[in-house]
Amino acid sequence: MLESLVLQRAKPRCMTMGRYFFNEEQLEMFRRTLLSQREHLLEDADKTVTRMGDANETFADPTDRATWESDSTRDLRIRDRERQLMDKIDAALARIEDGTFGECEECGETITVGRLKARPVTTLCIECKAKQEADEQRSNRP
Ligand SMILES: [Zn+2]
């Protein structure tokens with residue numbers, strides 16, 4: 001009777017512990033890294049918008065215009081990539097909040113701290129990432 005009560009009480013705590021892969025200090029470090037990456041992205045996005053606004057005035061020389069168009073296409077592509085990265089950063093921050101940060105979404109194993117330090121937005125452990133890249137290479141082959 002007593003034993004089953006203890007088990008019942010112990011179980012949810014174990015599950016909660018299992019969901020958190022890093023201590024509060026490590027999570028705080030990752031949160032700060034992600035937030036500063038996010039800030040830099042926003043700064044770069046501001047610069048891009050300002051530059052495109054300036055370029056709108058330059059139409060006299062057709063060569064200039066062509067240059068501007070290819071520049072702006074490039075800017076749009078960069079902004080697209082920035083937006084994707086921004087989404088990944090937001091998702092990583094959400095994972096820190098809900099305690100799943102650092103869990104490989106493929107195999108459920110813990111992603112190493114070193115890998116997360118280099119790339120905090122990652123959702124795959126090194127093995128699954130390598131496997132994914134190998135699969136991609138296979139499917140890209142003619
Ligand atoms: Zn994995």
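Glu 103 sits in the loop that links helix 3 (62-98) to helix 4 (113-118). The model is predicted, and the chain in it has five helices and zero strands. Mean pLDDT for the chain is 80, with 76% of residues at 70 or more.

**Around Glu 103**
- Glu 103 counts as partly exposed because it has 19 C-beta neighbours inside 10 Å, while a buried residue needs 20 or more.
- Beyond four places in sequence, the contacts of Glu 103 are Phe 21, Gly 108 and Thr 110.
- Cys 125 is 22 residues away from Glu 103 along the chain, yet their C-alpha atoms are 7.9 Å apart.

**The nonpolar core**
- The largest nonpolar core has eight residues: Phe 30, Leu 34, Ala 92, Phe 101, Ile 111, Leu 116, Val 121 and Cys 125.
- Domain 1 (22-101) and domain 2 (102-142) each supply at least three residues to this core.
- Phe 101, one of the core residues, touches Phe 21, Leu 27, Phe 30, Ala 92, Arg 95 and Ile 96, leaving out residues up to four places away in sequence.

**The chain as a whole**
- Of the 142 residues in the chain, 8% are buried.
- Among contacts with a separation of 6 or more, 57% join residues 24 or more positions apart.

- Over residues 4-18, pLDDT stays under 50, and the model shows zero contacts beyond four places in sequence for them.

Technical notes:
Residues numbered from 1 in each chain as written. Predicted model: local features only at pLDDT ≥ 70, side-chain atom pairs only at ≥ 80, totals over all residues. Helix = DSSP H or I, 4+ residues; strand = E, 2+ residues; numbered from the N terminus. Buried ≥ 20, exposed ≤ 12 C-beta atoms within 10 Å, placed from the backbone. Contact = placed C-beta atoms within 7 Å. Core = buried A, V, L, I, M, F, W, Y, C linked by C-beta atoms within 7 Å. Domains from an automatic or database assignment. pLDDT = per-residue confidence, 0-100.
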